[in-house]
Amino acid sequence: MNITQEAIRVEGMSCGHCVMTVKKAIESLEGVKEANVSLEDKKAVVEYDEKKVELEDIRAAVKEAGYEPV
């Protein structure tokens, strides 16, 4: 397994519920090991297997959850 760690800036989060929504959306993708989402830093740090999921898929999941990946 080839684990990559990437930080994605996420705009539009305003509360703990937003953080959990983004975390759940990212972690629902096959190949994502873990997502640490910070409201304070407005970012998600994601550990994933780049052979199973691409960064663009992760960004799409954030957007589909209603937030803006930057």
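Two strands count as paired if DSSP finds at least two bridges between them. In this predicted model, strand β1 (residues 3-11) meets that mark with β4: two bridges join them, and they run antiparallel. E11 stands opposite E68 in β4.

**The sheet**

The sheet is open and has four strands. Their order is β2-β3-β1-β4, with antiparallel pairing. The edge strands are β2 (32-38) and β4 (68-69), and each pairs on one side only. Strands of a sheet pair through backbone hydrogen bonds, either parallel or antiparallel.

| Strand pair | Bridges | Direction |
|---|---|---|
| β1 and β3 | seven bridges | antiparallel |
| β2 and β3 | six bridges | antiparallel |
| β1 and β4 | two bridges | antiparallel |

Two residues of β3 show how bridges line up. V46 is the bridge partner of E6. Y48 is the bridge partner of V32. Strands β2 and β3 also form a hairpin, with four residues between them. In that turn, K42 has a positive phi of about 55°. β3 is mostly covered, since five of its seven residues are buried.

Helix α2 (residues 55-64) lies across β1, β2, β3 and β4. α2 runs at about 30° to β1. Just after α2, G66 takes a positive phi of about 105°.

Which residues of α2 are buried? They are I58, A61 and V62. Seen down the axis of α2, these buried residues fall within an arc of 100°, so they line one face of the helix. They pack against β1, α1, β2, β3 and β4. The face turned away from the buried side carries the exposed residues E56 and E64.

**The core**

The largest nonpolar core has 17 residues. Those with the most contacts inside this core are V10, M13, V22, I26, V46 and I58. The elements that give two or more residues to the core are β1, α1, β2, β3 and α2. Which element gives the largest share? Helix α1 does, with four residues.

Leaving aside neighbours within four places in sequence, I58 is in contact with I8, I26, L29, V32, V46, Y48 and V53. Two of these names have come up as bridge partners in β3: V46, paired with E6, and Y48, paired with V32.

Terms used
Residues are numbered from 1 along each chain as its sequence is written. This is a predicted model: local features need pLDDT of at least 70, side-chain atom pairs count only at pLDDT 80 or more; totals for chains, interfaces and linings use all residues. Side-chain values use heavy atoms; hydrogens and water are left out. Contact means heavy atoms within 4.5 Å. Axes are lines fitted to C-alpha atoms, for helices over the stretch in contact, and angles run from 0 to 180 degrees between N-to-C directions. A nonpolar core is a set of buried Ala, Val, Leu, Ile, Met, Phe, Trp, Tyr and Cys residues joined through side-chain atoms within 4.5 Å. Buried means under 20% relative accessible area, exposed over 50%, partly exposed in between (1.4 Å probe, protein chains only). The arc is that of the directions from the helix axis to the C-beta atoms.
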